[in-house]
Structures are given as C-alpha cells and as structure tokens.
Amino acid sequence: MKSTFNIVIILFFATTFCFSQMGVNTPAPVGVFHVDASKDNNLSGLPTDVQQQNDILIDSLGNMGIGTIQPKKKLHVNTRSESIRLENLSVLPVNSSASGLVIDENGDVYKNNTVSVEGQIIRIGINKSTYPMNIQSALRFSDHSTFVQMRNAPNGAPNFINTITDAYFVTNDTLAAGTGSPSRVTDRIILHPGVYKIQVRLTGNFTTGIPSNAMFLKCIVNNNEYSLVNLSNTSAQASTYYYIDYINITERDQPVDFTLAPSGSNFVTNSSSTPGEGYSYRSLILIQRLR
C-alpha cells in the first residue's frame, strides 16, 4: 500500500514538472527553463533588456537564448558587443574536407558553401620566339599551356599549374584591334570576377646591343589596354624583365593577354632549358588570385 502511494506521489510531481516553467534564481520564469545568473530580475513580469544580459532561457520550441529571453534560433546569443571564445579546439584531421562560416546581416551563422579562392595560381611558360622591332605583337604561350607541353621540372614537380577555379586558356585566337591594342593572333587567359596579381617574367635578349633598345610590355584585359611597362637594355646579352600589376575583374568573366613591342632591334625570348632531367623555365606568366 505504501509503495503504491509513493508511485502516485512521484507521478504527480513528474506530471506537474512536465507542464510547468522552472526558474533558477528567479520567481518569474518566462520559459520552460529560465536562469537569472545575477538574481536581478523583477519579482513578476518580464525582465528588462539590461536584466536579460545575464539570463539563460530555453523556450517551448527548444530554442536556447543567452543574454536574451526571446531566442529566434536553436542557439541565440546576444553578446552585447562582446566576442565569443572557443578554447582548446581539436585540430581538423589530415585530409578532412572543411568549409568556413558566414554571418548574415541579422547575425545568423551559416555554413559557407563558397570555396575559398585565395592563393590559387596559374603558372605557364612563354613561347620561344623572335619579336620584330617596331611591331606590337602578341606575347604567346600556346606551346606551354598544358601539363604535357610543359613537362616536369628537374626536381620532378609539374611545371604547369592552374589551380584558379574555372580559369582556362584560349590559344590561337584572332582578335580585331581594341582600345590601345592591335589586331593580332594571340593566346588568352579567361578569369572569373575577382582580384588577381599578374606577373610576367620575361627572359631574352635584343639581337643587337645598341642604346635605342627598348620594348613596351602591355597587359590587355578584354581586348583593351590595361597597363604597360617600358623596358630597355643597351646590351645584346640575355636579361630578365618583369611586369607586375593587379587586376580587379568585376561582373563577368574577362580574357587577359599580353603584347610586346620592341624598338631598336628585335627581341628574342628564351623559354626553357633542360639541365639534367626535366625542364627549367626562364620566361613565365604567373597569376595569383587574391580574393
């Protein structure tokens, strides 16, 4: 008889608990479970915004609020302009896929489905060719636009690199003249919208060593001149020349190519040589995506 009575009492309190609100340090809980950490809430009614700063609440939908008694999501934290700390996190296992988090204008956190593009690069070789003086000609890379064509470096690493998402090449492209660029048969690199660092490392020599030796190296974006450098050398010895600039491509994909215009004498580019086993490139186009 006593056991039966105990069971009834337990069931009574269990049922009462399931359908009531529980408060810790507050006589007036406003959720299924409500903690007033600083014991500063009103004896009745809703706590003020200031009083909510130290409250924790779980509502009837299972949403948890920290610093707020009206959680809008499964976890809703009002940090009151403070940061959130996650300490002693474990390291992501090797070869595990990962993605970042993004925060919208409401402060809602989502998994980012956009792959990071920072640090993606293109590395392609420039053709060995003679560029005639007083003519603006396309700087060509059609002989070195694939893994097969560029082969491996002496250390066995692939010379050809293209890790820029959706970037590709169009070779032997016939173009009409654009603003500041001539009509030409050229090789172009197609790039998605983004910010890129563009580098050209050009190794070669003028055919004659005279004071008037010079050349304009241009970067052409969407068949319009983007920028140029003026390079000169009075010697006929092989030298290395550099072009560096930054391009911000917006709205749609745009092609990039280069022209070379020697004066004084012709200019001959050196492409690659073969020390030991494999190919070592002298003249290269290097593109890095910054964002």
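Predicted model: local features only at pLDDT ≥ 70, side-chain atom pairs only at ≥ 80, totals over all residues.
**A note on the salt bridges**

1. Residues are numbered from 1 along each chain as its sequence is written, and side-chain values use heavy atoms, with hydrogens and water left out.

2. Which residue forms a salt bridge with Arg184? The partner is Asp257, with the closest N and O atoms 3.0 Å apart (a salt bridge is a side-chain nitrogen of Lys or Arg within 4 Å of a carboxyl oxygen of Asp or Glu). Asp257 lies in strand β18 (residues 254-263) and Arg184 in strand β13, so the pair ties together parts 73 residues apart in sequence (helices, H or I, of at least four residues and strands, E, of at least two are DSSP runs numbered from the N terminus). Asp257 is buried as well, at a relative accessible area of 1%.

3. A search of the whole structure gives six salt bridges. Another of them joins Arg140 to Asp187, with 2.9 Å between the closest N and O atoms. Arg140 sits in the loop between β10 (137-138) and α2 (147-150), while Asp187 belongs to strand β13 (residues 184-191), 47 residues apart. Both Arg140 and Asp187 are buried.

4. Finally, Glu225 pairs with Lys218 in a salt bridge, their closest N and O atoms being 2.9 Å apart. Glu225 is partly exposed, at 32% relative accessible area, whereas Lys218 is buried, at 12%.

Terms used:
Buried < 20%, exposed > 50% of the residue type's maximum accessible area, 1.4 Å probe, protein only.
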